Amino acid sequence: MVMDFIGDQDRARSRTGRLVLLFLMATIAIVAMVYSTFAFGVMLVANDPDDPIGFWQPGLLAWSSSLTLLVIFGGSIIKTAQLAGGGKAVAVAMGGQLVHPDTKDNHLRRLLNVVEEMAIASGCPVPSVYLIEDPTINAFAAGFTVDNAVIGVTTGSVTKLTRDELQGVMAHEFSHIVHGDMRLNIRITGVIFGIMAIGFIGWICFRFLGPILIHTRGGEKNPGPAIGIALIVAGLILMAIGSVGTLVARLIQAAVSRQREFLADAAAVDYTRNPAGIANALR
C-alpha cells in the first residue's frame, strides 16, 4: 500500500478547519438562543396590550449579543490565561523530572538524541524533555508556543520502545508543537469555559436573583415578583443553554482533537520517513 502522508496531512487540516467553523457556528447559535430567551421574557413581562412588543427588538439584540459574547470571551480569556503558561508547569504538575543533557543513562541518552533528530527534521527548537515515572507507554507535548514547549515521556516509552518506535512517538509530539495543536486546544477549552459561564449565570438567576425579587411586595409600581418569575424561568433556560452548548462544544473539541491526532501520525511519517516506527509504537 502506497502511503500518502502529505495528502493525509492536508485532509486533516481541512477537516480541522471545518470543525472550527462548526464551533464558531455553535457559538453564534448560543448567542441567538440567549437573545430569544431575553426577547420572550420582555414580551411576557413588559408587554402592553395597547402597544404590543414584537419578537424582533434590535436594541435588545445588540445588548444581549454583546453581553453574551462578553461572558463567553471574557471567560475564555481568563481560562486561556490560566492554561497558557509554559509547558514546564504542566510537566512538573504531572510529576515530570527534567532530563539533563549530560545524563549518563543509555536510555535517556537515546531519548535526547531522538528528540534532537526530530527537532531538526521538523524545523523546531529543541524542547526540554521531562521523564515521568510510569510503566505505560505514553508521551505528550505541552506549552502555548514553540518557544515554551516541552515534551513529557513516560519511563515505559523510554525502556519498552525500540529506537524507531521512540522516534515515531517523538515525531508525533513534534507535530503537535509545530502545528500549534496545544494552542488550538487551549483556545477551544477557553471558549468552552465561557459557554459554561452562561449556565452559571443562569444558575445565579434561578437560585438567588429570582427568588429574592419574588419575595418583594408586588403592586402596580413594583413589578419585582413578575421580574423574579421571569428571572427564574430565564435562569432555567440559560442553564439549559449552557449545558447543551458545553456538550456540543466538547463533542466538536473531541472531533478536532481526533483530526489533529491523524495529522500528527501523518506528520510523524513525514519527519521520519519510516511508517513502521509510529505504527509499531501505536500497536
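**Packing of the predicted model**

Beyond its neighbours within four places in sequence, Leu-19 is in contact with Ile-252, Ala-255, Val-256 and Gln-259, contact meaning heavy atoms within 4.5 Å. The model is predicted: local features need pLDDT of at least 70, side-chain atom pairs count only at pLDDT 80 or more, and totals for chains, interfaces and linings use all residues. Residues are numbered from 1 along each chain as its sequence is written, and side-chain values use heavy atoms, with hydrogens and water left out.

Leu-19 lies in helix H1 (residues 5–45). Helices (H or I, at least four residues) and strands (E, at least two) are DSSP runs, numbered from the N terminus. Leu-19 counts as buried because its relative accessibility is 16%. Buried means under 20% relative accessible area, exposed over 50%, and partly exposed in between (1.4 Å probe, protein chains only). Leu-19 and Gln-253 are 234 residues apart in sequence, yet their C-alpha atoms are 8.3 Å apart.

With neighbours within four places in sequence left aside, Asp-270 is in contact with Phe-5, Ile-6 and Gln-9. From Asp-270 to Phe-5 the C-alpha distance is 6.4 Å, across 265 residues of sequence.

The largest nonpolar core has 33 residues. Such a core is a set of buried Ala, Val, Leu, Ile, Met, Phe, Trp, Tyr and Cys residues joined through side-chain atoms within 4.5 Å. Leu-111, Met-118, Val-129, Val-153, Met-170, Phe-174 and Ile-177 touch the most other members. Two or more residues each come from helices H4 (106–122), H6 (163–178), H8 (224–272) and H9 (275–282), and from strands E2 (128–132), E3 (139–142) and E4 (150–154). H4 gives the largest share, seven residues. Ile-177 touches Cys-124, Ala-141, Val-146, Ala-149, Ile-151 and Met-182, not counting residues up to four places away in sequence. Apart from this core lies another, of 16 residues, including Ile-192, Ile-198, Ala-249 and Val-256.

Phe-200, Trp-203, Phe-208, Leu-209 and Ile-212 form it, with about 500 Å² of accessible area together. Patch residues have over 30% relative accessible area and no salt bridge; nonpolar side chains (Val, Leu, Ile, Met, Phe, Trp, Tyr) are joined within 5 Å, like charges within 9 Å. A salt bridge is a side-chain nitrogen of Lys or Arg within 4 Å of a carboxyl oxygen of Asp or Glu. Phe-208 belongs to helix H7 (residues 181–214). Phe-208 counts as partly exposed because its relative accessibility is 38%.

How values were computed
Areas by Shrake-Rupley, 256 points an atom, 1.4 Å probe, with all protein chains shown as cover.
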